[in-house]
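Subject: Structure handover

Hello,

Here is the structure I said I would pass on. Please open it next to these notes and check each point as you read.

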Amino acid sequence: MKKIFLLFAVLLCVIAAVFAYSLRKEYQTREFALDTVISINARGKNAELAANKAMEEIHRIDFMLNAYSEKSEIYAVNTAKSGTPVKVSDEVFNLIKLAGEISEKTDGAFDISIKPLADLWDIKSENPKVPSDSAVKEKLAYADYKKII
């Protein structure tokens, strides 16, 4: 009886292992978004669908928040004349609000308004550079999370 039980247990383990292995479908995708290369490796029955949905969401966020794309809400905010209200989606509004709260909690160590200063390094070009002290001082006047309404 013990041998039959042991044989049954081993057979059950083999069946479970074969079934689990059959579900181990893998899918990989790599794309450029959010100014970096993003790689997604997914495993499972719906690996390809899951990876593609994740990449779709990443591209949606990139489209909405890309500071360099004239079609994004953040570009509209960044290029508006100082003090001019810009209508944005609730999602972008809540993100800006959260970023402001984080800026406040970190006493400005995280500063959502740093883009004018960061642009001085021109890291998106083929010739990035270290800006002069005077240029940094000039742009520091524009970097102040407390001015975001």
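**What was found**

S72 is buried, at 3% relative accessible area; buried means under 20%, exposed means over 50%, and partly exposed is in between (1.4 Å probe, protein chains only). Before going on, note that this is a predicted model, in which local features need pLDDT of at least 70 and side-chain atom pairs count only at pLDDT 80 or more, while totals for chains, interfaces and linings use all residues. Residues are numbered from 1 along each chain as its sequence is written, and side-chain values use heavy atoms, with hydrogens and water left out.

**The chain as a whole**

The chain has 6 helices and 2 strands, where helices (H or I, at least four residues) and strands (E, at least two) are DSSP runs numbered from the N terminus. In sequence order the pattern is α-β-β-α-α-α-α-α. The chain has 149 residues, and 20% of them count as buried. Contact means heavy atoms within 4.5 Å. Among contacts between residues at least 6 apart in sequence, 34% join residues at least 24 apart.

**Around S72**

S72 sits in the loop between α2 and α3 (73-79). What does S72 touch, leaving aside its neighbours within four places in sequence? The residues in contact with S72 are F63, M64, L65, N66 and A67. For N66 there is a distance to look at: its backbone oxygen is 2.4 Å from a polar atom of the S72 side chain. A polar contact is a pair of N or O atoms within 3.5 Å; within protein, one must be able to donate a hydrogen and the other to accept it, and residues adjacent in sequence count only if both atoms are side-chain atoms.

**Helices α2 and α4**

Two packed helices are described by the angle between their axes and the distance between the axes. For α2 (residues 47-65) and α4 (residues 90-105), the axes come within 11 Å and cross at roughly 75 degrees. Axes are lines fitted to C-alpha atoms, for helices over the stretch in contact, and angles run from 0 to 180 degrees between N-to-C directions. Helices α2 and α4 are therefore roughly perpendicular to each other: angles of 65 to 115 degrees count as roughly perpendicular, under 35 as roughly parallel, over 145 as roughly antiparallel, and the rest as oblique.

On the α2 side the contact involves R60, M64 and L65, and on the α4 side E91, V92 and L95. The residues of this contact divide into 4 nonpolar, no polar and 2 charged. Here Ala, Val, Leu, Ile, Met, Phe, Trp, Tyr, Cys and Pro count as nonpolar, Asp, Glu, Lys and Arg as charged, and the others, Gly among them, as polar.

F93 is also in α4 and is partly exposed, at 47% relative accessible area.

**Nonpolar cores**

A nonpolar core is a set of buried Ala, Val, Leu, Ile, Met, Phe, Trp, Tyr and Cys residues joined through side-chain atoms within 4.5 Å. The largest has 8 residues: A33, I38, I40, A42, A47, A51, M55 and I58. Which elements give two or more residues to this core? They are β2 (36-43) and α2. Helix α2 gives the most, with 4 residues. Apart from this core lies another of 6 residues, including M64, I74, V92 and I96.

I58 is in contact with A33, L34, I38 and I40, leaving aside its neighbours within four places in sequence.

**Two residues with positive phi**

Most residues other than glycine have a negative phi. D35 is not a glycine, yet its phi is positive, about 60 degrees. D35 is in the loop between β1 (26-33) and β2 and counts as partly exposed, at 41% relative accessibility. D107 also has a positive phi, near 55 degrees. D107 is in the loop between α4 and α5 (115-118) and is exposed, with a relative accessible area of 66%.

**After α6**

The C-alpha atoms of A143 and I114 are 5.0 Å apart, although the two residues are 29 apart along the chain. Not counting residues up to four places away in sequence, A143 touches D111, S113 and I114. A141 lies in the segment after α6 as well and is partly exposed, at 48%.

Regards
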